[in-house]
Structure formats: structure tokens, C-alpha cells
Amino acid sequence: MTAFNPSKESEVVEAVQWSIAEQAPVEIIGHGSKRNLGRPLQTEHTIALSEYSGVTLYEPDELVLAAKAGTPVAELEALLAANNQAFQFEPMDYGPLLGKPAGQGSLGGLLATNLCGPRRLKAGSSRDHVLGVRVVSGRGELFKSGGRVVKNVTGYDLSKGMANSWGTLGIATEITFKVLPAPETETTLVLCGLADDEAARAMAIAMGSSGEVASAAHLPANVASRVIGGALESEASTLLRLEGFAPSVADRAAMLMNLLASAGEINQLAGETSRKLWREIRDVTPFADSTERPVWRVSMIPMEAYKLVASLRMGAAVDAFYDWQGGLVWLRMEGDPEADAVRALVAKYGGGHATLVRAPIAIRAAVPVFEPQSAPLAALSKRLKQQFDPSGILNPGRMVAGV
């Protein structure tokens, strides 16, 4: 077994070229926080970028930050916070959900898995904020795409192409992101006691209003009891986050409370309490229980999500909560991942994507972890893999068997 720990970009190139020459597949990792995501790999060799770390450019006035791929995201967030800035897509931390320490995710892993958080509806995901990348392809060649300004792309936008590729196309060595000012004020409206279907309608009304809601989520009672130290009092809670300048936030909160008055009791959480709540929703804290009970991440039509959960509960024991106005559903199963049932119901209720985020290794080897692709899309994925990694040495089979 060979473990490469490059501290220079040239050493990353050399490691890939060795793998090609030896026809030896390699696993690409940062600090290992997301190592248990995806299909299990059967590779003897690793290229770990944990020592290839550090900020290479930060210009707060220009709203641009670039860093090496192994740089911990937590370090970058601290640097940005010191300058009252942030990654507006608020990348989630998979570590605790997967039984790893918090704060270990790397910048390369952030892009490779296209991370984002509850602000997804307003701010997009990491792929929407990347400006440029330097990448070592599976051909052992270094290339760069994009740059340090927003409008700097001609032809294929390979910077965005690396997002959600899970290390199967190339190894990003340096990534440049657009950053933005952190919100001055944050307030969360809490609609109390709504059933899942009532919450879906309330969130739709709020998101369709002029309230400029940054995030909308619904926590059923058994999930609400597991966030911010039980401060939601174990009551079903529908959450609407408002951000911006204090007078604007106050005006919009008053407007929404009037608009949704018929929904019942509405409370408010402000400041750090609100921020902590959304961090715990972002990181799926209610299901970070130090077990391997299967957890699904389902992306689908918001107004259909509660129907999927209700149907699934007719035949399986499942915990669930809703983010992105219901467009993102987190499901925790008791034992069997119920893969066929989950995917059949996703298809029944308008289609979408179901990803098995957490499960024992034997289950992840037997069940398609990512949503199975249609034949044309699967053929396109194989051609893309062939172009970037013709020898099939980078994270082979991480997403799909044989690719």
C-alpha cells in the first residue's frame, strides 16, 4: 500500500502519474471527514491532501478568496468571519453525521461534493460561487479553469464541472471562491404545532411573499426536540429565516407574522440562537446519533415531500425533517434502508434524487448510493470519465460501479 501526502502541487502530479504508470487506482481524500460517503472503494493506495493547505489569496475588498484544496473549511470560515464575510452557500459539515469530528472538512471536498446549506434557495450551492480551479486530471496533467473574477469563462466551465464529481474526474489543488458580506441581522420566525401538510402550505406562502425569506424548514415534534438544547419545547416547528439590515428584518418579520396569523402561534428566535439552530439543521444534527442507521438525502418537489414521508411511514419506521421549503428531505430509517420504496415514492411524487448518505459499508456496496441514471445520462457520464480519467484510477466506483 502506498500513501501519498503531497505538500506541493508538483507532488500531486507525480502521484497521479505514478498511479497511471502502475495502473494502480487511488482513493482521493482530504482529512477524511466524508470518507464514508458514496460507494465503498477497494483501492490499496491513497492520495491525501491534508498537508497541501493554506490560503493563497484573500482580498476582502474584492470579495475573493483562494486556497489550497487541503485547507480546512473551518479555518477559512474563521478568517472570513474576522472580516465580517462568509461563504453565502453555508457549506454543511458531514463529519458528525458520519461519526467523525466536526470541523474537519476540506476545501477540495467542499467542491467535490458541491456542499451547501439551508440558504440554498437564496444563495445556491458551492458550484454557484466557484470562480476558478487548478486541477490534476486522471491523465496526470495540470490544468486551470476560470480565474479570480466572475466573468472569466469561455467554452466549458470546468470549474463548475468539478462540483459534485466526487474526485472521479480530477484532483482540485487550488480553488477560488466568491465570498460575500455576512448578514448584519438574523431572525427566525417559529410557527408552532403545524402538521407536515400545513407547514408545506405555510412555507409556500412565505416563500412566495415579499418577505425575502432566506431559509424555510419544518421540524416535526420528535425532531424539534433534538435541536438547540430542546429550546423548541418538543413542538413541531416551521422555521422561516430572515436576514439583512435590522430595520428591514423587523419590517419583514411583522409582515410575515400578519400574513401567517391564521397558522397559529408564532415565536421569534434572534441572533446567535437563530444561527445555532440553522447550523444544526445544516449539519443534520438531529440524526448525528453515533450510529450507522441509514440516512437518506432526498431532493424533490417541495409540495410533494410530506406526501412521500406519509406514504413511506405506512410501511417503514422513519424519522424525517424538511429543509429548502420541503425541497430537501432528510430521512433516518431504523434498519433496512428501504431503497426500493424510497426511490419508488420519489418517482411517484414528481421525481427527484435520493442519495443514501449513511449506512453500513455492506449496504453501501449492495445498494445504489446515488440516484440511478437514465441510460443516456449514464453513457454521458462514462464518456466524461473516459476524457478526464481514461485509466480509471481516480476514486473508481465511488459514485457508480465500474465508473
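Predicted model: local features only at pLDDT ≥ 70, side-chain atom pairs only at ≥ 80, totals over all residues.
1. Helices (H or I, at least four residues) and strands (E, at least two) are DSSP runs, numbered from the N terminus.

2. Residues are numbered from 1 along each chain as its sequence is written, and side-chain values use heavy atoms, with hydrogens and water left out.

3. There are 22 salt bridges in the structure; a salt bridge is a side-chain nitrogen of Lys or Arg within 4 Å of a carboxyl oxygen of Asp or Glu. One of them joins the side chains of R332 and D289, at 2.7 Å from N to O. That pair links distant parts of the chain, 43 residues apart: R332 is in strand β17 (residues 328-333), and D289 is in the loop between α9 (271-282) and β15 (295-300).

4. R332 also forms a salt bridge with D319, where the closest N and O atoms are 2.9 Å apart. Here strand β17 holds R332 and strand β16 (residues 318-323) holds D319, 13 residues apart. Both R332 and D319 are buried (buried means under 20% relative accessible area, exposed over 50%, partly exposed in between; 1.4 Å probe, protein chains only). R332 counts as buried because its relative accessibility is 6%.

5. E371 and R343 meet through their side chains in a salt bridge of 3.3 Å, N to O. E371 sits in the loop between α12 (361-366) and α13 (375-388), while R343 belongs to helix α11 (residues 339-348), 28 residues apart. E371 is partly exposed, with a relative accessible area of 23%, whereas R343, at 13% relative accessibility, counts as buried.

6. Which residues of α11 are buried? They are A339, V342, R343, L345 and V346. These residues are on the same side of α11 because they cover an arc of only 160° around the axis, the arc being that of the directions from the helix axis to the C-beta atoms. An α-helix has 3.6 residues a turn, so residues three or four places apart point the same way.

7. The other side of α11 has D340, A347 and K348 exposed. The buried residues of α11 pack against β15, α10 (305-313), β17 and β18 (352-358), where contact means heavy atoms within 4.5 Å.
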